[in-house]
Amino acid sequence: MTGADTSDVPENQTEQVKDERAPPSTAQTNPTVPRFWTDDEMKSVELPLANSKATPEHISAEYYYQIPEMKLHRSYPVYHPDEEPSGYFEKLLTTAPEIIWDSEQHPPLESEADWVAAGALIFEMPIGFGSGRMLLSMETSLFVRDAKWYANNAIPTTREGVNPFFRYVVREPGKVKVGVLSCAMCHTRVMSDGMAVNGAQGNFPFGQMYAAQMLEQGAIPDAVRGLERNLFGAPWIVPDPQEGLWSMPLADLGAAHASVPPGVIARHRSSPQSPVVVPDLFGLQARSYLDRTGLQHHRGIQDLMRYVALNQVMDGLSQFDEFIPAGKDSSERPEPEAFFFGRYSAEQLYALAKYVYSLKPPTNPHSMDELAERGRKVFMENGCASCHQSDKDYGSDRLVAAPSFEVPADHPEKSQVLSSPSDA
């Protein structure tokens, strides 16, 4: 759980803005970090799709390790403009860029606590930088300093006035960018009392914000529709069930995205017509499958590392039949050195996985009173526990078939698949 980090706000505005969470980079890398992206393991990391020829073929280890590693710059909290300390943003404009993690330096990585603390940095590490916009005009203005933006999009902030879904990043002298698309952006929830909980089902309103910017940028519909196709297209199915998205009027497309509530997201490999719930990350270490779809195996920490790398844009380079979402003309991968996002280092992914494994839910505010005990008996007597087992955080750690989908007899996970409740 986290709120505002007041150590980022200097008492004396003539002093350098600091973030005390980032420890000094002095220790040697732990030599036991696994080499996680291997060709053999990547072939089996995902369950086959219903159309097996479209089961993704991920990039080779040779390609992956030629992609430059990302550099982690020191980042700073974003405040609601009405709560921002006096002189805070102006001081950021004079703050020198500082790399706290790259291929040559990193935080201490000796003890388990060191790894978890370093993983917390990766959890909030942005991979996109600009003004806070989610679309193409990233350099025009800082949305996050506009009070109307918070009001119009119902952006939640903590009791300290912090927007925990974004971070300010100084990557060049005199330029403050807004960092977006971190793990925290999806997996942070601001509670009704203003407390922020890391690892919870997030409540950032992606759909509302995306739709508002899409409609504002109505002069570039072709670019928007191209992005829609890259994110949501499934051209190996004929006709593509999503192709209506990039042919419908822009106003209708915006309305489709605006209808997606916070905590649910039209992310890549889904669509605004079939968005997915943002899962919480608590108890992840005990789960056998990852993602809300359950499409990826979780056989150990290496699989979680692979999942993060794929989820944070690497699966855009995967080949689904003949479709490569981030490829030139959706068919040709760029040279690895030219891939504009870069990749996480093995140490960064290992630290992040350690941090995610350490996450725990907040304390249940409700006591086990007489009413709750009655509810427990109803739960047990009606067979709820046959699927929602209390020793598994009320999950089954098994897959559930989509309604009306008949699992093939030779499916490798058939013994782990439950029938859909709607088919029962």
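Modeller: A salt bridge is a side-chain nitrogen of Lys or Arg lying within 4 Å of a carboxyl oxygen of Asp or Glu. The model is a predicted one, and it holds 16 salt bridges.

Let us begin with glutamate 69 and arginine 343, whose closest N and O atoms are 3.7 Å apart in a salt bridge. This pair links distant parts of the chain, since glutamate 69 sits in the loop between H2 and strand E1 (72-73) while arginine 343 belongs to the loop between H10 and H11, 274 residues apart. The two partners can also be described by their surroundings. Glutamate 69 counts as partly exposed, at 31% relative accessibility, whereas arginine 343 counts as buried, at 7%.

The loop between helix H10 (301-311) and helix H11 (346-358) also supplies aspartate 321. The side chain of aspartate 321 meets that of lysine 53 in a salt bridge, with an N to O distance of 3.7 Å. Lysine 53 lies in the loop between helix H1 (39-44) and helix H2 (61-64), so this pair ties together parts that are 268 residues apart in sequence. Aspartate 321 has a relative accessible area of 27% and is therefore partly exposed; lysine 53, at 51%, is exposed.

The next pair is set within a single helix. Arginine 376 and glutamate 373 form a salt bridge of 2.9 Å, N to O. Both residues belong to helix H12 (residues 370-381), and because they are 3 residues apart they are separated by about one helical turn. Each is partly exposed: arginine 376 has a relative accessibility of 40%, and glutamate 373 has a relative accessible area of 27%.

What, then, of a charged residue that is buried yet has no salt bridge? Aspartate 240 is such a residue: its nearest side chain of opposite charge, that of arginine 229, is 5.8 Å away. Aspartate 240 is located in the loop between helix H8 (221-232) and helix H9 (250-258). A polar atom of the aspartate 240 side chain does lie 2.9 Å from the backbone nitrogen of alanine 234. Leaving aside residues up to four places away in sequence, aspartate 240 touches Gly233, Ala234, Pro235 and Trp246. The loop between H8 and H9 also contains proline 239, and the peptide bond leading from valine 238 to proline 239 is cis, with omega near -5 degrees.

Arginine 269, in the loop between E9 and strand E10 (276-277), has a positive phi near 70 degrees although it is not glycine. Aspartate 291, in the loop between strand E11 (289-290) and strand E12 (296-297), likewise has a positive phi, of about 80 degrees. Arginine 269 counts as partly exposed at 34% relative accessibility, and aspartate 291 is partly exposed with a relative accessible area of 22%.

To place these details in the whole, the chain has 12 helices and 14 strands, and 47% of its 424 residues are buried.

Key:
Residues numbered from 1 in each chain as written. Heavy atoms only, no water. Helix = DSSP H or I, 4+ residues; strand = E, 2+ residues; numbered from the N terminus. Buried < 20%, exposed > 50% of the residue type's maximum accessible area, 1.4 Å probe, protein only. Lys, Arg positive; Asp, Glu negative; His and termini not counted. Polar contact = N/O pair within 3.5 Å; in protein donor to acceptor, adjacent residues only side chain to side chain. Contact = heavy atoms within 4.5 Å.
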